[in-house]
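I opened the model to look up a few local details. The notes below follow the order in which I checked them.

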Amino acid sequence: MSTEAIKKDILRGGQFLVKETKCEDIFTLEDLSEEQKMMRDSTKEFVDRELWAHWERFEKKDYAYTEECMRKAGELGLLSVAVPESYGGMGMGFVSTMLVCDYISGATGSFSTAFGAHTGIGTMPITLYGTEEQKQKYVPKLASGEWFGAYCLTEPGAGSDANSGKTKAVLSEDGKHYNITGQKMWISNAGFCNLFIVFARIENDKNITGFIVENDPSNGISMGEEEKKLGIHSSSTRQVFFNDTKVPVENMLSTRGNGFKIAMNALNVGRIKLAAACLEAQRRVIGEATKYANERIQFKTPIINFGAIKAKIANMATNCYADESACYRAAKNIEDRIAMREADGNSHQEAELKGVEEYAIECSILKVAVSEDVQSTSDEGIQIFGGMGFSADTPMESAWRDARISRIYEGTNEINRMLVVGMLVKKAMKGHVDLLGPATKVGEELMGIPSFETPDFSELFAEEKDVLARLKKVFLMVAGAAVQKYGPDLENHQQLMLSASDILIEIYMAESTILRTEKNAKRFGEDAQATQIAMSKLYLYTAVDTIIQKGKEAIVSFAEGDEQRMMLMGLKRFTKYTNLPNVVALRTQIADQVAAANGYTFD
Ligand SMILES: Cc1cc2nc3c(=O)[nH]c(=O)nc-3n(C[C@H](O)[C@H](O)[C@H](O)COP(=O)(O)OP(=O)(O)OC[C@H]3O[C@@H](n4cnc5c(N)ncnc54)[C@H](O)[C@@H]3O)c2cc1C
């Protein structure tokens, strides 16, 4: 672990809203070490050879092929990146884990889901919460791909309300084992896994408890048929029934009643990894769509020459670039926080748990933003292919269907949006993020006379950073007034929470994009970053538009009369550009670069 990481004054989760981040302090894909680049390249090679070349097999419900590829990934060590060396893993840092998740996930959502369910929610609860014996017994097998894991939280009556499950765990009379009985549904990897992480309730406990359960059909475990799904056709998804399944007491994960916490923490890590898993799919769709647009002739010209197509390519590339920027920024924050905690004497296990928990807000932001971008990108991918995009013979159609699930699992995007604001308010109440001070200042600024000076915006991103700082004031103004008005009852004003969440999401994504480009422009020169500069400006412009719309909606929902007028004026002031960017020219510039490179080449 580098001393540089330990020394850094790392922002706490959520503090990006109230503290300035310097571009030098964020990690970008351009900062990858040689070792990380090798990891990325060998992952890509594996994907091209084993997955992309056979994408049609994944469409034909070839579950066995998914399992075969998982085994091959295990042989190459790709399942063990995040596993500590003492349990047979590579023990690489959080950024490397994200890299593998990212580049392994582009070819098909079927493999991506199998990989995520196994390495994330299937294995990680044991590495994070297991006893030494549990880890020694199970983790090496899971890391090598000899065994596969699955995660059984959801039940027919317990989806988003995950702590309401009815599965029971009853202690045997001799106190040696629990008998688990219940029905789980939507269980990824169920068809070929060797082990389940199962959540069940003991007696009438308030919270569920986690267990490690080996998959043994002779022990009361049975399964439903494979679910017939819209997408991820070769990802095994089944119901799993436990009928008096005997589980030794030593297979309880963590302590009684701690299951909900395990489930939530596993999901926090899962969310940021899911965001990473939606990146390479975007790059591949952009690549395929660009190649098609360069070759497809209509009206005697390649369709890439049409402004309508350029706009799509530019928006797709810009979103992907923003998503990469934010994912790797947060990943390194988590890695640094883990290093800091380890340096403070925490075990790796504790450090990792706390490190990820710290950035739970960012994890939810990324899950929502990136899962929605992969959906819109694959949608536009179909549009660029025209009728051919609608055909199952091209990979656009499956990319679109596969993308859809990412908005549902690992907590739906509605739940995650609510969490973004809810967790931030909680952090403020605990004193971890000072929202009150900055919100009060914004209130005072609203009452004051605005400055009519024309600032000097000659430096790169001077105006964009000024706009960003004011966008943060929009959030503080809206959320501050909403908290004041509703207090703890705010959570019952969901539409307002959703608007506030969208504002915060756009701020984080836009800021990450600008900081990445600023950092790179400083070291590689502005000319070398011309397209990235254009993408950063375009992203911010679109974010401002979203924030105006969401801000307005939020304000009119709870403020009236003079207060409403004052806040709407504030919204106008805080979202104002002195020099509006020519977004049509920006899009053209971006699209021309992507077209010339015949794909997305900014990673
Ligand atoms: C392909 C697939 C694979 C999966 N893999 C796994 C797995 O491996 N393990 C596992 O345990 N689970 C898995 N799941 C389950 C998944 O996590 C759940 O589907 C998800 O959490 C949503 O739960 P639900 O389907 O019951 O929807 P519900 O919770 O019923 O939600 C329905 C709608 O209501 C909204 N909603 C619910 N509550 C609220 C609220 N409080 N406020 C606002 N809106 C709300 C939701 O956002 C959604 O739009 C998988 C699901 C699928 C489809």
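Which polar backbone atom lies 2.9 Å from an oxygen atom of the ligand? I found that it belongs to L153. I took a polar contact as a pair of N or O atoms within 3.5 Å; within protein, one must be able to donate a hydrogen and the other to accept it, and residues adjacent in sequence count only if both atoms are side-chain atoms.

Before going on, I noted that this is a predicted model, where local features need pLDDT of at least 70, side-chain atom pairs count only at pLDDT 80 or more, and totals for chains, interfaces and linings use all residues. Residues are numbered from 1 along each chain as its sequence is written, and side-chain values use heavy atoms, with hydrogens and water left out.

Around the ligand I have 18 residues, with T154, S160, W186, T412 and E414 coming nearest (a residue is near if one of its heavy atoms lies within 4 Å). Strand 3 (177-188) and helix 15 (413-429) each give at least two residues to this shell; helices (H or I, at least four residues) and strands (E, at least two) are DSSP runs numbered from the N terminus.

Cysteines. I looked for disulfides, meaning cysteine sulfur pairs within 2.5 Å, and the structure holds 0. For C101 the nearest cysteine sulfur is that of C327, 10 Å away. For C193 it is that of C152, at 7.0 Å. C101 is buried at 5% relative accessible area (buried is under 20%, exposed over 50%, partly exposed in between; 1.4 Å probe, protein chains only). C193 is also buried, with 5%.

Backbone. Most residues other than glycine have a negative phi. I noted E203 with a positive phi of about 45°, in the loop between strand 4 (195-202) and strand 5 (209-214). E203 is exposed at 56% relative accessibility. I232 has a positive phi near 35° and is buried at 6%.

Helix 10. I read 37 residues (307-343) and a span of 54 Å from first C-alpha to last, close to the expected 54 Å (1.5 Å times one less than the number of residues).
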